[in-house]
Amino acid sequence: TILQRIKSNSKQVMHHKGLVSILYRKGQFNEAREACLKCLERWPDLWWPNVMLSLIELRLDRAKEGEERLLAWVKKHDDFQRWFFAAHFYEKAGEKEKCIAALRKAAHSPLDDLWVRWEDTLEHFGTHSGYSAAYYAALMAYRARRLDVCLEVCAAWEQYIEVKQGYGAPGFNVFQAACYLNQSKFEDANAAIG
């Protein structure tokens with residue numbers, strides 16, 4: 001069914017995504033890789049197939065190839081979102097220090113929403129908010145107990161909220177307070193949530 005949908009609606013990314021997802025969940029990683037590569041032929045710069053291919057490469061014990069391909073795409077854009085995706089890849093690969101380095105790089109790169117235009121995918125799938133990327137980056141750094149990096153991510157997140165004029169709840173305050181509490185900086189923690 002999904003192959004028929006791809007054939008009749010080849011310009012809609014959701015069908016390609018569906019095929020890759022089905023194959024991945026079934027453990028058919030070689031087939032998922034081929035389907036993902038076909039998706040990338042049509043949408044070479046869309047974030048989802050770029051990230052998904054790197055995760056498939058991990059499952060195929062081709063981490064180096066997945067890393068090289070993903071990093072080339074990340075460095076092409078050099079923004080918060082793509083460095084966050086690199087951190088996600090490294091976290092899944094068990095590369096803790098590379099994960100933290102990617103999060104730090106994200107924190108010092110431009111943060112904005114990652115929009116997908118209707119004309120590109122014939123749907124709105126693929127939009128990834130800066131708020132969402134910042135939240136998960138802060139969570140990743142906090143769980144890794146890298147409070148310094150978490151605070152750097154929070155600073156970028158706070159600046160994003162200011163630029164967007166209040167778009168999204170200022171959840172960075174909670175992470176800041178948690179970091180300060182862990183550092184026994186009680187006045188700073190109080191000020192963060194005050």
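Tutor: Rings of Phe, Tyr and Trp (its six-membered ring) pair if their centres lie within 6.5 Å; planes under 30 degrees apart count as stacked, over 60 as edge-to-face and the rest as tilted. This is a predicted model, in which local features need pLDDT of at least 70, side-chain atom pairs count only at pLDDT 80 or more, and totals for chains, interfaces and linings use all residues. Residues are numbered from 1 along each chain as its sequence is written, and side-chain values use heavy atoms, with hydrogens and water left out.

Student: Which residues form one aromatic cluster?

Tutor: The cluster is made up of Y131, Y135, Y136, Y142, W157, F172 and F175.

Student: And how many aromatic pairs does the structure hold?

Tutor: It holds 12 aromatic pairs. W73 and F85 form a stacked one, with 6.2 Å centre to centre and 20° between the planes.

Student: Is W73 buried or exposed?

Tutor: W73 is buried (under 20% relative accessible area; exposed is over 50%, partly exposed in between, with a 1.4 Å probe and protein chains only). Its relative accessible area is 5%, and that of F85, also buried, is 4%.

Student: Why is the pair of Y135 and Y136 edge-to-face?

Tutor: Because the planes of their rings stand at 85°, with the centres 4.9 Å apart.

Student: New topic: what joins the side chains of H128 and Q81?

Tutor: A polar contact of 2.7 Å joins them. Such a contact is a pair of N or O atoms within 3.5 Å; within protein, one must be able to donate a hydrogen and the other to accept it, and residues adjacent in sequence count only if both atoms are side-chain atoms.
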